[in-house]
Amino acid sequence: MLFRSDITRAEFAAVIVRALGQEDSATAAAGKTAFNDVAADFWGSGYINVASTLGIINGFGDGNFGPGQNVTYEQAVKMTVCALGYEPLALNFVNNDASAVWPGGYLAAASQLNIISGVNGAEGVPAKRWQVARLVFNSLEVDVMEKSIQNGQEKYVIRNGKTVLSDKLNAYSSSGELRANTTESASVSGKRARTGEVIIYDAKFTEEADNEKAIKDGGLSTAGMIGRAIKYYYTEDNDGTMTLLYIEDKTATSSVITINASDVEKIVATPNDFSNGAKLYYWANETDARSTIAEIEKNPTILLNGSLVTDMTSDKIIPLSGSIELMASDNSGVYNTIKVTSFETYFVKSVNTSDKLIIDQYRSSRSEERRVGKECRARWS
């Protein structure tokens, strides 16, 4: 099966109408349209009727819409700008000359609204599906413009805080830090999330302990994101239950480094408990003449194999085998989170399936065997 990278005008009309939360209206509006080339039984007739009624599409001016033609970049931008109510802004760029607004006025309006950021389209070129997805995504949190009658005069008003995301899709976004899932925790309390949930820190959760709240994960994977700065999208039921729709790691790549234990030269901390911060010296490249220094913040969050540790000292933090991940979740360049992955290699002699005890080939005493079993029990169960 071949994947189409382009998108037709009818398909784009459907995308926009769905983004506006008008799926039910489109179903009800299916049937005869105002366009000669759109049959009443065409799958997209309802979407085209809704988009036409909302002033998002006008067709080619000759009575045709061209439902099967690929939507071009500027056509997609124009429809998006109109869907957000900003056609008056587009006209403003051309001194309200309707004959001159296409396509420059719409492109200028889209640029000002920042909805073409990262789209990288070109006039006259069919829009790719990924460009359409980015265009719509960029539009979700733009304050919509609506027509208003004030003192008998028609005006267009930007509705601050009223967006497609919140007003049309009943979804919301916020920013914070991912503190815990079912396998890792950087929560202040040290607790991990229950199955099907994550724990998020957000300054707006003032009614929650430590501003941390358990949220349904919506089936999304959050592996490797604990301690990261995030932007998240969610729905909220009448009883206050929040469910994730999407989660985005906002920690810059430059703010995270992973160092093999063998590449760590030393950690300097005075005192030894990280209360005054620390400096970690490591070899970034084999050919370096001197080690690189990473600055660690005072009282950093420290995780050992996914669990919060409050009594870790600098002389114990370098594992014999494993790695250290340093993260500056605020992108400041000073690392405030340390994630240590520590492991040892064992040669398994036998396994007791009843108590999940692993016996090592080269450990002779029973105490050593039970120590191995204790360390492996969690990951083995």
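1. Contact here means heavy atoms within 4.5 Å. By that rule, Glu11, Phe12, Val15 and Ala19 in α1 meet Arg129, Val132, Leu135 and Val136 in α7. The residues of this contact divide into six nonpolar, no polar and two charged (Ala, Val, Leu, Ile, Met, Phe, Trp, Tyr, Cys and Pro count as nonpolar; Asp, Glu, Lys and Arg as charged; the others, Gly among them, as polar).

2. A word on the basis: this is a predicted model, where local features need pLDDT of at least 70, side-chain atom pairs count only at pLDDT 80 or more, and totals for chains, interfaces and linings use all residues. Residues are numbered from 1 along each chain as its sequence is written, and side-chain values use heavy atoms, with hydrogens and water left out.

3. Back to the pair α1 and α7 (residues 129-139): their axes come within 11 Å and cross at roughly 25 degrees. Axes are lines fitted to C-alpha atoms, for helices over the stretch in contact, with angles from 0 to 180 degrees between N-to-C directions. The two helices are therefore roughly parallel to each other (angles under 35 degrees).

4. Now for α4 (residues 73-83): the axes of α1 (residues 9-19) and α4 come within 11 Å and cross at roughly 25 degrees. That makes α1 roughly parallel to α4. Arg9, Phe12 and Ile16 in α1 meet Gln75, Ala76, Met79, Thr80 and Ala83 in α4. These residues divide into five nonpolar, two polar and one charged.

5. Do look at α6 (residues 104-113) too: its buried residues (under 20% relative accessible area, 1.4 Å probe, protein chains only) are Gly105, Tyr106, Leu107, Ala109, Ala110 and Leu113. They pack against α4 and α5 (87-92). Asn114 follows α6, with a positive phi near 65 degrees. Helices are DSSP runs (H or I, at least four residues), numbered from the N terminus.

How values were computed
Parallel < 35°, antiparallel > 145°, perpendicular 65-115°, else oblique. Buried < 20%, exposed > 50% of the residue type's maximum accessible area, 1.4 Å probe, protein only.
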